[in-house]
Amino acid sequence: MRLILKDGWVYVGQGFVREDIVVEHNRIASIGKAEAVLGDQVLDVSGKHIFPGFVEAHAHFREPGFSYKGTIFSESSAAARGGYTDVFVMPNVNPVPDCRKNLAPLLDRIRETAVINVHPLGAITAGLKGKALACMEEMAGDVPAFTDDGRGVQDEETMRLAMKEAARLGKIIAAHCEDDVLRRSGVIHDGAYARAHGFAGISSESEWRQIQRDVALARETGCAYHALHVSTREGVEIIREAKAQGLDVTCETAPHYLLLNDEMLKDEGRFKMNPPIRGEADRLALLQGVADGTVDMIATDHAPHSEAEKCGGLRESIMGVVGLETAFPLMYTYLVRENRITMERLIALMCENPARRYGISSGIAPGAPSNLTVFDLNREYRIDPGRFLSLGKATPFAGWKVWGRCVLTICNGKIAYWGD
């Protein structure tokens with residue numbers, strides 16, 4: 001049976017054209033006016049905008065091991081509702097995917113329950129403990145990259161060995177950059193809000209010092225390197241210089257670092273994540289990096305937790321917020337509609353660049369995989385965590401007014417989300 005998306009505004013790389021899309025055998029069969037025949041499923045998307053499925057470079061789906069926070073099914077459903085058809089998930093699950101045996105349960109759950117394409121990353125070190133290297137070669141056929149996300153690799157020689165092995169295997173090191181000594185016991189950014197309210201602060205140096213170290217190691221080893229959730233202006237500048245030197249270095253940031261600064265914090269768990277929301281100078285530097293190409297991707301670091309884990313305010317709550325169901329509306333509303341970046345740049349940040357970095361197909365063209373999302377860009381509403389499909393509800397953007405509601409997501413020719 002063919003699926004026909006009728007009369008939508010199709011994103012074709014340099015803008016939109018008003019056309020039909022025909023999906024057949026898990027591929028885009030044609031773009032252009034199509035006549036339905038008996039047996040076709042026709043969906044009227046007139047007035048809506050059709051994008052290539054978004055690609056999330058950094059999320060936590062919690063399963064196996066922590067299904068009370070989220071499951072492959074719940075979080076992939078949330079991703080589909082946000083317009084994503086591909087998500088790369090971090091290895092802080094149980095068992096930690098640090099060898100082929102421990103990767104297998106995660107791959108099994110993905111095959112059994114994911115509603116979109118879910119791609120696991122392998123651990124850099126055994127058990128994410130930062131000491132002995134994981135069995136990287138065993139996992140290389142199933143993962144595009146290795147990371148110990150959630151903690152920085154503290155030992156420089158361990159990271160050097162990991163980069164050498166990743167370079168040999170043709171894989172990426174995706175690094176959570178955080179120096180535990182420089183972080184100390186901080187809970188939020190070491191800035192105006194922390195000083196005014198008596199909170200222990202997390203220094204910007206705890207992030208950018210490790211980025212600086214890792215870039216030097218990437219230069220030495222020839223490893224492809226990706227810096228996760230960059231939040232500091234110094235980090236942006238280090239990445240900018242590395243790119244100018246021709247190093248194979250990319251980075252990402254998240255919506256909360258682009259739209260919030262530490263003076264907007266409230267003593268609520270939904271404002272606590274790692275790295276923390278930084279100062280206004282950092283936010284502006286990240287916006288500049290997004291606009292000029294220094295920052296390659298906008299990722300969410302989607303991290304669901306239970307309500308009990310997020311009810312302890314800034315001091316006691318676990319770090320992490322959700323973002324898959326809000327990322328595109330927030331970025332469209334506050335970056336594109338306010339003329340900070342173009343729509344083309346946003347699609348590069350949320351789709352084309354992460355797809356290219358991690359080696360998957362993306363884009364709308366005849367013969368391409370039928371991974372598509374449809375948005376009503378004229379729909380205005382307020383973000384309501386009570387409507388989330390994610391089991392996690394903690395977002396600093398609750399109540400924010402946004403434009404753009406996902407009405408349909410198709411992954412591999414099948415409807416992954418249809419609603420709103």
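Analyst: This is a predicted model, and the structure holds 15 aromatic pairs.

User: Why is the pair of Phe-16 and Phe-51 called edge-to-face?

Analyst: The ring centres of Phe-16 and Phe-51 are 5.6 Å apart, which is within the 6.5 Å needed for a pair, and their planes stand at 85°, where over 60 degrees counts as edge-to-face; the pair is therefore edge-to-face. Phe-16 belongs to strand S2 (residues 16–24) and Phe-51 to strand S5 (residues 49–52), so that the pair, 35 residues apart, links distant parts of the chain.

User: What makes Phe-16 partly exposed, and is Phe-51 buried or exposed?

Analyst: Phe-16 has a relative accessible area of 26%, which falls between the limits of 20% and 50%, so Phe-16 is partly exposed. Phe-51, with a relative accessible area of 0%, is under the 20% limit and is therefore buried.

User: Why is the pair of Phe-328 and Tyr-332 called stacked?

Analyst: The centres of Phe-328 and Tyr-332 lie 5.9 Å apart with the planes at 5°, and since planes under 30 degrees apart count as stacked, the pair is stacked. Both residues lie in helix H12 (residues 327–336), four residues apart, about one turn of the helix.

User: How do you know that Tyr-332 counts as buried?

Analyst: Tyr-332 has 9% relative accessibility, and buried means under 20%, so Tyr-332 counts as buried; Phe-328, at 0%, counts as buried by that limit too.

Key
Residues numbered from 1 in each chain as written. Predicted model: local features only at pLDDT ≥ 70, side-chain atom pairs only at ≥ 80, totals over all residues. Heavy atoms only, no water. Phe/Tyr/Trp six-rings, centres within 6.5 Å; stacked < 30°, edge-to-face > 60°. Helix = DSSP H or I, 4+ residues; strand = E, 2+ residues; numbered from the N terminus. Buried < 20%, exposed > 50% of the residue type's maximum accessible area, 1.4 Å probe, protein only.
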